[in-house]
Amino acid sequence: MKHTIAILVEDQPGVMVRVASLFTRRGFNIESIAVGHSEKPGISRMTIITSGDEKVLEQITKQLNKLIDIIRVRDISPQNVIERELVLVKVHTDSLSVRAEIIQLVEIFKAKVVYVERNTLTIEMSGDEEKINGLLELLKPFGIIEIVRTGRIAIARSKKNGYL
Amino acid sequence: MKLSGTEIILECLKREKVKVVFGIPGAAIMPLYDMFGKVEKLPFRNILTRHEQGAIHAADGYARATGEVGVCISTSGPGATNLVTGLANAHLDSVPLVALTGQVPTNMVGNDAFQEVDITGITIPITKNNYIARKVEDLAAIIKEAFYIARSGRPGPVLVDLPKDVQLAECIFKYPDRVIRRGYKPSVKGHIKQIRLAVEKISGSTRPVIITGGGVINGNASDELQKLACKTNIPVVNTFMGAGSFPENNHLYVGMLGMYGQYLANKVTSSADLIIALGTRFDDRITGNLTQFCPNAEIIHIDIDPAEIGKNISVKIPIVGDLKNILHQMNSHIAERKNTEWLNEIREIKQGICLNTEDNDSNLRPKYIIKCINEFFKGEAIIVTDVGQHQMWAANYCQFIHPRTFISSGGLGTMGFGLPAAIGAKIGNPKKPVICISGDGSFQMNIQELATAIYNKIPIIVILMNNGYLGMVRQLQELFCDRRYVSTSLSGNPDFVKIVEGYGGTGFRVNNKEHFSSIFKKAVELEQFVLIDCQIPQEENNFPMVQPGSSINNMIGVEES
C-alpha cells in the first residue's frame, strides 16, 4: 500500500543523503521525494511517497526518527490532506488543428500553456497524480517530447488534522 | 580572547573529561597533534597506535570497560577510512565513541585533493551522527554535541571531520552549557501505564524468563535487574552482549542464550510463557529461526530505542526508556513470588542434559585453559576477546559476575578487535587484570598493536588459542561442507613467541595442561605484557551449536536422557 510520509528536517547540507541512504540501506522503497523550505527559517519540509505494509511503515517512521537532523515524521492519511504534483510537459504540434485540439484538452484539465514554438507546446499542470496521469495519457498520441514532474507534496486540510 | 581551532578542540576534550585519546597523526591532522606538543601539560594521555583500526578498537575497549566516551584521532583519507570497520563495530554494539578525523582544507574539499575522502558520506550508515566542521565558530558546539549524542540515549559512535584550515583558524571560544536539538530527545522515563501492564503480566505468568542484552550494561541497570529477579524468582538468561549484566553465580542464572549458547538456556527460554526482554534487539544469533522462537511466549520488550521494538519480533507490551529507571519503577510495583514449580522444572531439565565435553586426556583444551582463568581470577578480571571459536569458548566457559568485564565484538564480529580493545580496557582500568583471549587467525589482523602494548608497558595477558586454522569457519566446513577445508588452514603462521620477543615482550608456548597452569601463574605474577601461545587440538569444536536457520531449541552436540 502507498503512504505519504511528511517530514520536518533541519535545513542542513547532507540531510537528503541521510534520508536517501536510510531508505536504500534498509530496503525501503521511495516512489517520490520532494523537499523545500517550510514556513519556519532553518526547517525544511520533505514529502516522501513510499509503499509497504504496516510493519514496514512502522520501521520507516522509527528509523527516520532516529536521524538527528530529522525533527518530526508522520505518516499522513490521504483523507485528511490535499496532495499535489506539478508537471511540465512538451508536446509535438505538427499542424494548427493539432495545436487547437491540445489547447482544448489543456482547458478541460485547467492546465496552462506556458511556452509556444512553431512545432511544440509546453504545458504546465498541477493536481493529484490521477489527474496528471489522465492528461499525459491523452497527450501521448500527439507525441510527448519531454516530461518533468516534481514529486508529490501534501498539506493538511484543516488546522485540526494538521500533519506537522 | 581568541583561540585557534586546535586550542578549542583541546579545551573541549578537557571539558568532556577525556582521559585518553588513541590515534595516528598525518598531514591533515598535524595542527591538532602539534597543539598536543605545544601545551605545557596535555590534560589526557595520548597513545600512538600502529594502525588507525587499532586506535578505534582501543577507544572502543576503553569505552566498554569504563562506560565513558572513547576518543580516537586519525588523519584524512586512508587514516579516516581505516576507522570504518571500528565505527561499524561500535555502531552495532552501541558503544559511545567520538572519532576526530583530519580533512583537507575547506577550499580543496570536493577537488579530489591528496588524501581527501568524503568520510562523512562514507560513514553515514555506521555512525549515530557525523559532522564536518566548516567554520571554526561552529567547532565548540559540534564537539559538545558529538559527545552528548555519543553517550546519551542508545549510545553510538559519532565522527567529527576537521578540515585543516578550520583547525588553524581562530575565534572566540564559548562552550555551550547544554545541547538543544529539536530532532533528538531520547525518552528516559517509561510509560507508567505500560509499566503497570508489564507488572500485571509478570504476576500472571507461570513460566517467565528474563533475557538480558547489552542495554542492561549500557544502561547501568544490573543492580535493578538483580533486584527484580531476586524479588520475583524469575530465571535469567544472558545474551552474548548481556554477559556480566546478571551474575552467573546467582542461583537464578540459567545460561547464555543463542546459536552458540548453552543448551539449558535455549531449552528453558523456548518453553517460557513470558519473555521479559531487557535491552536486547532479538538478533538472529539469539533467536535462531524467528518463526520458531519461543512459540508459547508473550513478550515484554524494554529498550531505549523505539526502533528496536517490533523490528524483528512482535511484542505484547513494549516499554521505551531508560532501563535503570524503568526497572526501578517495576521493582516498586511488583509483588514477591516464589516460582517454585517453574524453578524445579528447570532443575529437572538441567539434570536430563548430557554434554559431550569429556576432558580427560593431557591435551590442552580451551575449556581447561578457561577453567584456570576462572579459578585464578574468580570473575574479577576483564576478559577481552577476538572473534571466532575462542570467543564462543570464552563466552560460554568464563565466569562473568560483573558488568563491563566481558568485552567482545558482538554485532559486527570483527576479527582483530581483541588486542587493541584489551589495550583500551586496561588503560581504563589499570587496577583490574585484563586477559585477551584470541585466536591465531584474529590475532594477526591487528598484530601490529603489540608495539603499542609493549612500548607503553600495558600489562595484558594474551591467551592465544592456536589451532592453525580459521577455526570457526573450519568447524562449519567440517559440519556442512564435508570437511572441505578451503582457505581456512593457517599454514605459514609465524612463531608467535618470537614475534612478541621481537617487539620486546615476553612470550611462552605451551602444549599440555600442566605446563599451561604453571606458565599462566608465572604470567600473572610478571605483571607485564605476556603472550601465551596455547597449542590446542586442531579440530576442537564449539559444541553445542544451533545450525544456521534452525530453531534454538534444536542444538547439535548434546544428548538428552
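**Core, fold and interface**

Author: In the largest nonpolar core, which has 167 residues, Cys72(B), Val98(B) and Ile532(B) touch the most other members. A nonpolar core is a set of buried Ala, Val, Leu, Ile, Met, Phe, Trp, Tyr and Cys residues joined through C-beta atoms within 7 Å. Buried means that 20 or more other C-beta atoms lie within 10 Å of the residue's own, with C-beta atoms placed from the backbone. This is a predicted model: local features need pLDDT of at least 70 and side-chain atom pairs pLDDT 80 or more, while totals for chains, interfaces and linings use all residues. Residues are numbered from 1 along each chain as its sequence is written, chains are lettered from A and ligands numbered from 1 in the order in which they are written.

Reader: What is Val98(B) in contact with, leaving aside neighbours within four places in sequence?
Author: Val69(B), Val71(B), Ala146(B), Phe147(B), Ala150(B), Val158(B) and Val160(B). Contact means C-beta atoms, placed from the backbone, within 7 Å.

Reader: Which residues are in the other core?
Author: That core lies apart and has 18 residues, including Val9(A), Val19(A), Met46(A) and Leu64(A).

Reader: How much of chain B is buried?
Author: 54% of its 561 residues.

Reader: Switching topic, what does chain B span along its principal axes?
Author: The C-alpha trace spans about 75 × 60 × 40 Å.

Reader: And how many residues of chain B are in contact with chain A?
Author: 14, and they meet 15 residues of chain A. The chain B side has six nonpolar, five polar and three charged residues. Nonpolar here covers Ala, Val, Leu, Ile, Met, Phe, Trp, Tyr, Cys and Pro; Asp, Glu, Lys and Arg are charged, and the others, Gly among them, polar.

Note on methods: Two residues are in contact if their C-beta atoms, placed from the backbone, lie within 7 Å. A residue is buried if 20 or more other C-beta atoms lie within 10 Å of its own, exposed if 12 or fewer, and partly exposed in between; C-beta atoms are placed from the backbone.
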